[in-house]
There are 2 protein chains.
Amino acid sequence: MTTKTRKERNTALPLNTILDGDCIERMNALPEASIDLIFADPPYNLQLRGDLHRPDNSKVDAVDDAWDRFASFESYDQFTKAWLKAARRLLKPNGAIWVIGSYHNIFRVGAALQNEGYWILNDVVWRKSNPMPNFRGKRFTNAHETMIWASRDEGAKYTFNYEALKALNEGVQMRSDWVLPICTGHERLKDENGDKAHPTQKPESLLHRVLIGSTNPGDVVLDPFFGTGTTGAVAKMLGRDFIGIEREEAYRKVALKRLEKIRKYDKDALQVSTSKRAEPRVPFGQLIERGMLRPGEELFSMNKRHKAKIRADGTLIGDDVKGSIHKVGAELEGAPSCNGWTYWCFRRDGKTVPIDVLRQQIRAEMRDRPN
Amino acid sequence: MTTKTRKERNTALPLNTILDGDCIERMNALPEASIDLIFADPPYNLQLRGDLHRPDNSKVDAVDDAWDRFASFESYDQFTKAWLKAARRLLKPNGAIWVIGSYHNIFRVGAALQNEGYWILNDVVWRKSNPMPNFRGKRFTNAHETMIWASRDEGAKYTFNYEALKALNEGVQMRSDWVLPICTGHERLKDENGDKAHPTQKPESLLHRVLIGSTNPGDVVLDPFFGTGTTGAVAKMLGRDFIGIEREEAYRKVALKRLEKIRKYDKDALQVSTSKRAEPRVPFGQLIERGMLRPGEELFSMNKRHKAKIRADGTLIGDDVKGSIHKVGAELEGAPSCNGWTYWCFRRDGKTVPIDVLRQQIRAEMRDRPN
DNA sequence: TCTGTCCGTGAATCGACTA
DNA sequence: TTAGTCGATTCACGGACAG
């Protein structure tokens, strides 16, 4: 450890600038043990095949940029190992790193982090409130991305602002899954043509939580895959210093323009979506999955005129009708619609109980243990 | 592929039993390409601080922390690679695997899956509604575990019951983040002393969703780390066959007792919603042959912008375009493809009716009077 | 100014069958 | 093996525009 003060050390650093060129070379040229936090959003190596269309036949604007293409897993691994090694040299002994990725690359990144000597503190799941659906119905909606938070070394005294995060989370301890919307609307940067300036711009709310939680004011944050500069923008707002590295000139240009407009502590720009939620939706299927009702069990209508049997996928089957609790109720009553939750009952110990009671139980659980 | 029937193949398998001993040896003794789905919850604390032995079985002297760390990861990787390789040999060509883990091991498992030739379909986050809090306030509450779903090969026709999962989720397609409670209460198995029988018993709700989504009734499900048998229990309920492998006698005993009590749901209850893809194909020409539509009659596009005339052979002719209902629809819209069934309408009694209605009529007849 | 409707779009490893 | 054809498939928002 050097005996220089923070200020002296930092004067050797190109603070609050964007460096061009290759991130590994650039990192190797910076002084060791000088960075408090690294946030990295490396290429995901998506390996996309053909085009994809939405059901309305519009074409999905996929990530087909050259920077995301690697010849093989081996070459991706090599690249990952190299930049993680360079990054680790830059970290102060109590420094930490965040890396974000999807299932295409995150397992390789996580293994490389461990191999290089980083110590994983948490994996954090960014659950997207508005992800792109799976258009062909062939897989689960890809509704999350994974972030890995790791300290430089095992046993390091990393920064973790527990109380600040708890406050951000309405007084409850922050969990490893964060629900945040993707970057859209005015926040999404456009190029001269009005197209999105970067295919994978991250929302500021995500970086806000990362930086509040794992840095202090005055800390130096490095982003080796700077893109359009979300990390820099949020760092500047929050009074942290940043260093960006970005190879593509077009991205640097957009980022520079963006950063000029940012003011420190501009609270308005830091809106963290805390939209008051309505009563959470509870799918009927959860009552079956949770064993509150059994497949094969019979439900009875409130008026006792109809009955239907529960199937393993949470649909009902009655006389000649099958479908959701709402649809079957409506068809049996000859009504245009029906609230299945209040229409159907089940039997327990000789008593008839509305299924809505079970939904209330689940909601009560969710209230007791929010999030 | 063999020409044996499912029944013949399955008689070679120790169905619905728990095998003892080492899972890799046991897997190697089973016939190849015989398993539809594998669900695996591998241990991650395997000798994590243990000794590393050279190939000649001499012990490596752990000189420093870095080497010790490397040694433990190395041995875990070896173990992971070995069981994944054995598992892959057992899978049918269209078989698939689920592996569950936490940040301690899931990155190494995911990378090994990719290295062994599995093709990742999704990573799915089990988001625990009631996790254990982080008592020391040093990290985020560890509130999720990660599951990886992968097919044996790229391009395989894996099983995915899209409509059943959608039904389970109240009509909205299932996402990659599942909110389910951890295993507690009566479901949590106890040993003779009243202590929990297994440290990481998985909830049945989790397996219910996995098995409904990625198997069909009669499929064979293997769990090489059977534990107290949640996979077997849910498989039995859902009319799937299982094979369990478990090394610890205490767990096998608890699992056996548990499985005895399980009853399979009745047949109706196991029927789930299916997609239109599974419905029989109806050529458009049949509507003309059956006199439901007449040659010379005009069809109108959904958006009323186009029309075309029906020809006797079941093709359409519009302005400068002729061909199938799909081809003409696509060309008129300038779209890469078009589902003619939902695109075209005909007129009856002044009303506009989608031609798909006629197809539904034919399909209903086919169901009532097969062949 | 407000409300309702329509349209656009987001890190995506997104067919099956027959000739 | 390949080419052609059939035909299945989407959720949450934000912005623009019309009334």
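Helix H6 of chain B, residues 204–214, is mostly covered, with 11 of its 11 residues buried; buried here means under 20% relative accessible area, against over 50% for exposed and partly exposed in between (1.4 Å probe, protein chains only). Helices are DSSP runs of H or I with at least four residues, numbered from the N terminus. Among the buried residues of H6(B) are B:Glu204, B:His208 and B:Arg209, along with B:Leu206, B:Leu207 and B:Val210. This is a predicted model, in which local features need pLDDT of at least 70, side-chain atom pairs count only at pLDDT 80 or more, and totals for chains, interfaces and linings use all residues. Residues are numbered from 1 along each chain as written, chains are lettered from A and ligands numbered from 1 in written order, and side-chain values use heavy atoms, leaving out hydrogens and water.

Elsewhere in chain B, B:Glu289 sits in helix H10 (residues 285–289) and is exposed, at 68% relative accessible area. Its C-alpha lies 8.6 Å from that of B:Ala312, 23 residues away in sequence.

Sugar and phosphate make up 61% of the DNA strand D atoms that come within 4 Å of the protein. Near means having a heavy atom within 4 Å of the strand. Helix H5 of chain B (residues 162–168) gives the largest share of the surface near DNA strand D, three residues.

Phosphate oxygens of DNA strand D lie 2.9 Å from a polar side-chain atom of A:His186 and 2.8 Å from a backbone N or O atom of B:Gln173.

Methods. Polar contact = N/O pair within 3.5 Å; in protein donor to acceptor, adjacent residues only side chain to side chain. Helix = DSSP H or I, 4+ residues; strand = E, 2+ residues; numbered from the N terminus.
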